[in-house]
Amino acid sequence: MAEKPKTKRSLARLRQEYSQAGLLEPEMAATPFDQFDRWFEDASEAGLLEVNSMSLATCSPVGLPSVRTVLLKGYSEKGFDFYTNYESRKGRDLEHLPRAAALFFWKELERQIVLHGIVEKVHRDETEDYFQQRPYGARIGAWVSNQSQEIPNREWLEERDQEFRAKYPEKEPVPAPPHWGGYRLIPLDFEFWQGRPNRLHDRIEYSRPTKVSEDWTMRRLSP
Ligand SMILES: Cc1cc2nc3c(=O)[nH]c(=O)nc-3n(C[C@H](O)[C@H](O)[C@H](O)COP(=O)(O)O)c2cc1C
């Protein structure tokens, strides 16, 4: 009898020691937005690929979490903006439960940042503004993709792409699809993680009671 194929790989020996830097309370910025900005600047200067990509976790109405990568398209003290299809899986999750977590892992700097908070749609004017800054192919792509829906095959997608290119020629304005736009994650807490030797990592968390509060509490968490 043929043996059943088995896949098994132990990764117990894969491990990395972290020793580049430390994180001490007196050096932390007064607000987590400023701290985020410092680290984002460091990551950008280090030339990391897709430095603005983040893992975004949402939760379904039955409590099933899901996660995917999205691109951060701007941040300020108002929140962290990303753009997507409002009818996608994440869009449906956020419609029901406007809460999310976002995670940046900049492994070359041995750093991780995690945020949790409340999600709101960005104002339609801001979505329209950003949409018009996207390259033509990406503007058309927003019309082509019924994001997260099942489709028959690759050809279906390419035919739809041609249809929308014909409908909205390159030299003419492409409107933003009504089902596409921005979300803003308004953080209630941020955690800054710096890898240290022997798994004694630094973790500093900032949290606040409400999305409008400027009263951030800082504490150190055990690694
Ligand atoms: C590097 C990278 C960047 C991405 N950026 C976005 C983005 O900004 N917006 C988006 O809707 N999907 C983006 N995606 C695709 C998502 O990860 C995901 O496949 C899609 O949004 C559907 O997710 P959902 O079915 O969970 O809603 C990106 C994927 C990768 C790998």
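**Exercise 1.** Which element supplies the largest share of the shell around the ligand?

*Solution.* Begin with the basis: this is a predicted model, in which local features need pLDDT of at least 70 and side-chain atom pairs count only at pLDDT 80 or more, while totals for chains, interfaces and linings use all residues. Residues are numbered from 1 along each chain as its sequence is written. Next, β2 (65-71), β4 (79-85) and α2 (89-96) each supply at least two residues of the shell, where helices (H or I, at least four residues) and strands (E, at least two) are DSSP runs numbered from the N terminus. The largest share, 5 residues, comes from β2.

**Exercise 2.** Find which residues of α4 are buried and which are exposed.

*Solution.* A residue is buried if 20 or more other C-beta atoms, placed from the backbone, lie within 10 Å of its own, exposed if 12 or fewer, and partly exposed in between. By this rule R139, I140, A142 and W143 of α4 are buried. Seen down the axis of α4, these buried residues fall within an arc of 150 degrees (taken from the directions from the helix axis to the C-beta atoms), so they line one face of the helix. On the other side of α4, G137 and A138 are exposed.

**Exercise 3.** Describe how α4 meets α5.

*Solution.* Taking residues as in contact if their C-beta atoms, placed from the backbone, lie within 7 Å, I140, W143 and V144 in α4 meet L157, R160, D161, F164 and R165 in α5.

Terms used. Contact = placed C-beta atoms within 7 Å.
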